[in-house]
Structure formats: structure tokens, C-alpha cells
Amino acid sequence: MSESAEPRLQPGSQTSLRNANQRRVLDTVRRHGRLTQAQISRRTALAPSTVSNIVHELIGAGLLAAESDGAGRRGQLIGFRGSAGHVVGIDVGHRHVTVAVADLNQRILAQRRHDLPEDHRFEDDLELVGRSLETLLRSRGIPRAGLLAAGLTLPAPVDLEGQLVGASTMLPAWDGIGVREEAARRLGLPVVVENDANAGALGEHAWGAGRGAQHMVYLKVGHGVGAGLILNGVLFRGAAGSAGEIGHTTVDERGRVCRCGNRGCLETYVSSGEVTRLLAGTHGPDLTVPGLVAAAAAGDVGCGRVLGDTGRLLGAAVAGLCNTVDPELVVVGGEIAEAGDLLLGPLRETVSRHAIRGNVRGLRIEPARLGIEAHVAGAVVLALQHAELPAGAVPGG
Ligand SMILES: [Zn+2]
């Protein structure tokens, strides 16, 4: 950065103040999606006349646009123009990958989900992501050059630098690579990497069951088990990025060996693979979690029993979390959460038995509203948070 070409802006000067106010307006629209001018004024604490001027300038610069919400001029919604840019969300699971493209107004415009073979490798995964993304962009007529950032979520702990922790056992397909750099290089985009439970928490907090919550826990129950914590309205990642790894809480020291190397972790009792394995002898080896959930709903006693036991085991872990962070809401996600009260009933009962009374009074435990889409939604939220608006798009900025 050269300091000689331009006179340095004094803090508080007219120009720097105007630029700062423009950023505030843009960030507010980016964070909340389309808003009326009155809502922007409330959320930025800027005077309505200031907001009106800034919005007018940013519309003139081609960055924002006003759209009618059907309630006349006063109800006009201010949002980003499509040409201001788009972001990408990518959710890589143990057996699937989902790719989504969203605009800066927090709308997912197109999305595709693909199954992955058991022995998939990261090179193939990223190649599939690249192909899927091209198809999505073509289907919506979105230029590749307008992509600003991608959020990538993976089912393993991710450190604060966006690298996997313990990938050799947690996610062997992605072992030994600098995930963020490699994904950025292959996609030609800045990439933010996050653990899937954390992404699920962000997705449900932005668009799902957790909207408006200050303190919430998102519990992911799938091939792996983990929790994402939203505390004081923001994602809590901990000192090394592995906050909320409750799947590796010891349930039985003498239990089965877990992929993390310890024995008897919660995950070895309640993961998708385990709950279907428990029923393989009676219900056949091809039972899937959706099949289990459907059978339990239709009155199958064995499937109902497994769901109940799963709920109780999860409940004991959730009770510990409630005693630690005292959330107002626990959102349960992953395909097994589709079982609703068959899982959540025993889970709630166990939480109320094990958590201290004050912490469960008023506590809500609900299924994820976005279902299995919560993770890719969170990946989009991450990309939105990190997208840099095109340089020079803001007049005088
Ligand atoms: Zn473990």
C-alpha cells in the first residue's frame, strides 16, 4: 500500500466517514438479506436521511437495487444487484457432496447433491465440485467471474487456519493436504473451511430453527456426531477450533474403538453406521437411516427402540453441554433428526433428568428446520461473511 500518492484520510473526515457508513450499510444488507431503508436505519443506527443518501449512491454505483415488496414505495426492499456478485457453498460429507450458489441477498439460487463412493479421494471430490459448480452457473446464467468466495464444510475438526485436525483417522480421503489452499487453487476462489457441525449451527442460526437465538447448540448426528455452538449470537470455535466435539465424549472406556483412536466414544453408539448396524441382524444389512425412521414411525418396535436409546445417549451429552453453556435452544440435525419426537422425546426427557433445573427451564429442543441442508446453508453463510466486494465498486471507496 502506497501512502504517498493520496493524502492520508483523517479519521472523522467527511470522506472516511462516508466510506465507513457505506460499508456499514453494505455489511448490514449482506448480513441480513434485503431490508427496507427503515430497517437499515434501525440496524446501522444511521439517520434515515443518511441511509437514504447512501442507498441512492450505491444504487447509482450499480451495487444495490430497490425492489418492490408489493406494499408500495415505503415497503421497497434494498438488496444487492445480481451483478454485484455471487458466492458458493460446498458441503462434503463422508458419502455425499452438495454444492450451492447464492446471491449476496442470502438467496440460494441453485443447488445439487451428489453421492460419493466409500473410497472417494479429495482430488475426485474437488473435481466433482468443480463440474457441479459449472453446471449450476450455466443453469442460472451466472458468470464465473462474478464469484467472490466459497465456504467449504467437512466432517472433521478444522483449526483456526482452516486446516483439518487429525484427518488421517477422521477424514482419510482428505488426509495430508492443505485444504484451504488446495480448494482455493482448484476452484480459483478464496475459500473458507469449517467443520460441518459448526456450519450447521451457522445455517440454522441464519435461516432455520435458530433465527434470532443468542445462545444455541446445533447437534449434528450423522456418520459422525458433533455440536456447533452459537454464543452471544456468534459461532464459538474455541482455542484451536475444535469446540463442541461431543461425539468423542467417552460413554464406555471399554467400548468399541472409535475413528479418533479412543474407545467407547458417543459416536460409536449413535452414528448413522452404528444405529443401522444394530438392526442389521433383524432388519437386514441394507437398512438406511431414512428406512429406520420410516419403519419406527410405522410402529416397528426394534427401530423405535434404537431411536429411543439413541435419544437417551444424546440427551446425556446434551445435558452436559447445557450445564456448561446454558443455551436457550438445542437444534438437532442430521437425517436421524427426521424421526422427530421418536428421537427428541427420549432426548428431552434425559436432558431434563441430567441437566441442572435452572438450565432446562425454558430450554427448547427442536429438530433442524433446514434438515440435511443445514450444512450447505452454513457454507453459504461463511462465504457471505468472507466475500470481499469488488474493489472500486463503492464510489470513493
Ligand atoms: Zn472418538
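Predicted model: local features only at pLDDT ≥ 70, side-chain atom pairs only at ≥ 80, totals over all residues.
Reader: In what order do the strands of the open sheet run?
Author: The order is β5-β4-β3-β6-β7, with mixed pairing. Strands (E, at least two residues) and helices (H or I, at least four) are DSSP runs numbered from the N terminus, and two strands pair if DSSP finds at least two bridges between them.

Reader: Which strands are at the edges?
Author: They are β5 (108-115) and β7 (191-195), each of which pairs on one side only.

Reader: How many bridges join β6 to β7?
Author: Strand β6 (residues 147-154) is joined to β7 by 5 bridges, and the two run parallel. T153 has E194 in β7 as its bridge partner.

Reader: Which helix lies across the strands β3 to β7?
Author: Helix α15 (residues 374-386) lies across β3 (86-92), β4 (96-103), β5, β6 and β7, at about 140 degrees to β3. Axes are lines fitted to C-alpha atoms, for helices over the stretch in contact (heavy atoms within 4.5 Å), and angles run from 0 to 180 degrees between N-to-C directions.

Reader: Turning to the metal, what are the protein donors of the zinc ion?
Author: H248 (ND1), C258 (SG), C260 (SG) and C265 (SG) lie 2.0 to 2.3 Å from the zinc ion. Donors are N, O and S atoms within 2.8 Å of the metal (3.2 Å for Na, K and Ca); water is not among the atoms, so sites may look incomplete.

Reader: Why is the arrangement tetrahedral?
Author: The 4 donor atoms subtend angles of 103 to 123 degrees around the zinc ion, which makes it so; four donors count as tetrahedral if all angles lie between 85 and 135 degrees.

Reader: Are H248 and C258 buried or exposed?
Author: H248 is buried, with a relative accessible area of 16%, and C258 is buried at 7%. Buried means under 20% relative accessible area, and exposed over 50%, with partly exposed in between (1.4 Å probe, protein chains only).

Reader: Which residues are buried in α6?
Author: In helix α6 (residues 179-187) they are V179, E182, A183 and L187. What covers them includes β3, α4 (122-140), β6 and β7.

Definitions and conventions: Residues numbered from 1 in each chain as written. Heavy atoms only, no water. Tetrahedral: all angles 85-135°; square planar, octahedral: opposite > 155°, others 65-115°.
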